[in-house]
Amino acid sequence: HHSMSASLAPVKRRAPAKGASPALTRKKVTLERILGTTTTRNAAFCVHPKSEYVAYVAGCVVVIYNLKKNVQTRFFKGTKAISFVCFNITGKYLAAGESGKQPGVLVWDTDTGAQVAELKGHKFGLACGAFAPNSKYLVTVGVQHDATVMVWDWKAGAVVAANRVSSEVHGISFSEDGSYFVTVGVRHVRFWYMDSINHFSSSSSSTPPSSTSPTHHHNMLTGSSDALSGAADGTASSSSMKASVIEGKSALLQSHKDEVFVDVQCGVGEAAAYVFSITSSGILCLFQNRHVEKWVNMKTSRAFALSINPTHVSVACADGVCRLFHPKSLEYQATIPLPHALGKP
C-alpha cells in the first residue's frame with residue numbers, strides 16, 4: 001500500500017530556471033489536470049484493489065484519481081480513445097484497451113509509470129478486459145464487430161487461446177481461483193474455462209516465445225508494435241498462431257434469456273462458488289454451475305454496476321441509489337443513504 005501510494009502520487013514539477021526563454025518554458029508544459037470524462041461504461045472505470053485510487057477514461061488518457069484527497073495524481077496516455085481499464089489483483093499493473101481499427105491493449109507498471117506491453121491482435125475496438133488472479137494472463141473481449149475473446153500471456157506478448165463471441169459484451173470477471181471467467185452482455189452470460197488451455201501453457205513453458213527478447217521488450221516500451229504485429233491486419237505474433245480454442249459454455253438463463261446483462265462479479269470467500277450479474281432492468285441474479293439459482297427484483301428503474309465483498313453485494317441503481325444484498329441468500333440488507341445535495345452542509 002505504501003509503495004502504491006508513493007508510485008501514484010503526483011509527479012513534482014520543477015520550475016523553469018530564472019532567465020529561461022519563453023520557447024524553452026513552452027517545451028516543458030505538462031498535463032496537470034483533465035476536465036471531464038468519456039467514461040460511460042463500467043469497463044472504463046476501475047478501483048485499485050489495495051488503496052484509495054481509481055482509474056477512469058478521458059479520451060486517450062487514463063486518469064488516476066485519489067478519492068480521499070480529491071486530486072488527479074497521474075495520467076497514462078494511449079494513442080487512440082481508451083474503451084476499458086483494469087488493474088491486476090495487486091494493483092501493480094494497469095491495462096487499457098483502445099477503440100477503433102487495429103486497437104492495442106496497453107499495460108503500464110504503476111510503480112514506474114512505464115508502458116511495459118502493447119498487445120496487437122484484435123481487428124476492431126475493445127469492449128472489456130480482466131487480469132487473471134495470478135496476473136500471468138490477461139483476457140480481452142472485442143466489440144461486437146470484432147467478435148473475439150483472447151487470452152494473453154501478456155508478458156510474452158502471445159495469445160495462448162481465443163474464440164469467437166457473437167454477442168455484445170458489457171462485462172467480465174474471473175473466478176477467485178482463476179479456473180474460469182464469465183462474460184455478460186446482451187442476452188449473454190457465458191462461462192469460459194481456463195483448464196481448456198492448460199496443455200498449451202505447460203507445453204510452451206519450456207520454450208519461451210521469441211517475444212521475450214530484449215529487442216522486443218524495447219519495442220513495447222517505446223510503443224512500437226512491430227514485433228507483435230505478425231501480419232498486416234494487426235494479428236498477434238507468430239507464437240499466437242499456436243493458440244488453442246478456449247472452451248465456453250452458455251449459462252441457462254431461463255426466464256431471463258432476453259435480458260441485457262450489464263455487469264458481473266464472481267463471488268469471493270464463502271460465496272466463491274457463485275457468480276453475480278445484474279440486468280439493465282434491475283434484476284440481480286445468482287448463478288451456480290451455470291444455472292440461475294436465485295434472483296431478486298431490486299425495485300429500481302435501472303441498474304448499472306455491482307461490486308462484492310465477503311459480506312455484501314452492492315448494486316448501483318438509478319437516481320444515485322445503492323442497494324446492498326447478502327451474497328448467499330440475496331436477502332435485501334440496506335440502501336445506502338444519499339449524500340447531501342451540492343451546496344448544503
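Which strands each supply at least two residues of the lining of the largest pocket? They are β1 (45-47), β5 (82-87), β9 (126-131), β13 (169-174), β18 (261-266), β22 (303-308) and β23 (313-317). The legends below start from the whole chain and then go to single sites.

The model is predicted: local features need pLDDT of at least 70, side-chain atom pairs count only at pLDDT 80 or more, and totals for chains, interfaces and linings use all residues. Residues are numbered from 1 along each chain as its sequence is written, and side-chain values use heavy atoms, with hydrogens and water left out.

**View 1. Overview of the protein.** The secondary structure comes to four helices and 25 strands. Helices (H or I, at least four residues) and strands (E, at least two) are DSSP runs, numbered from the N terminus. Buried residues make up 50% of the 345 residues. Buried means under 20% relative accessible area, exposed over 50%, and partly exposed in between, with a 1.4 Å probe and protein chains only. Among contacts with a separation of 6 or more, 45% join residues 24 or more positions apart. A contact means heavy atoms within 4.5 Å.

**View 2. The largest pocket.** The volume of this pocket is about 1,200 Å³. Of its 41 lining residues, Val47, Phe87, Ile172, Ser173 and Gln265 are the closest to the centre. A pocket is an open set of points on a 1 Å grid over the protein atoms alone, where a 1.4 Å probe fits, with protein on both sides within 12 Å along at least five of seven lines; lining residues have an atom within 4 Å of a point. Grid points are joined across faces, edges and corners, and the volume is the space filled by probe spheres set on the points. Strand β13 gives the most to the lining, with five residues. By class, the lining has 26 nonpolar, 13 polar and two charged residues. Ala, Val, Leu, Ile, Met, Phe, Trp, Tyr, Cys and Pro count as nonpolar, Asp, Glu, Lys and Arg as charged, and the others, Gly among them, as polar.

View 3. Strand β7 (residues 104-109) pairs with β8 in the antiparallel sense over five bridges. Two strands pair if DSSP finds at least two bridges between them. Val107 has Ala117 of β8 as its bridge partner. Five residues lie between the strands, and Gly113 takes a positive phi near 85°. Strand β8 (residues 115-120) is mostly covered, with six of its six residues buried.

View 4. Strands β22 and β23 run antiparallel, joined by five bridges. Ala305 stands opposite Ala316 in β23. This hairpin has four residues between its strands. Strands β23 and β24 also pair in the antiparallel sense, over four bridges. Here Ser314 has Leu324 of β24 as its bridge partner. Four residues separate β23 and β24 in their hairpin, and Asp319 in the turn has a positive phi of about 60°. Four bridges then join β24 to β25, again antiparallel. Cys322 stands opposite Ile336 in β25. The hairpin of β24 and β25 has six residues between its strands, and Leu330 in the turn has a positive phi of about 65°.

**View 5. Two covered faces of β24.** In a regular strand the side chains alternate between the two faces of the sheet. In β24 (residues 322-325), Cys322 and Leu324 are buried on one side, and Arg323 and Phe325 are buried on the other.

**View 6. Cysteines without a disulfide.** The structure holds zero disulfides. A disulfide is a pair of cysteine sulfur atoms within 2.5 Å. Cys86 is buried, with a relative accessible area of 7%. Cys285 is buried as well, at 0% relative accessibility.

View 7. Ser280 sits in the loop between β19 (275-279) and β20 (283-288). Ser280 counts as buried because its relative accessibility is 14%. Leaving out residues up to four places away in sequence, Ser280 touches Val260, Val262, Ser301, Arg302 and Ala303. Tyr137 is in strand β10 (residues 137-142) and is buried, with a relative accessible area of 8%. Pro337 lies in the segment after β25 (332-336). Pro337 is exposed, with a relative accessible area of 68%. The C-alpha atoms of Pro337 and Val321 are separated by 7.9 Å, and the two residues are 16 residues apart along the chain.
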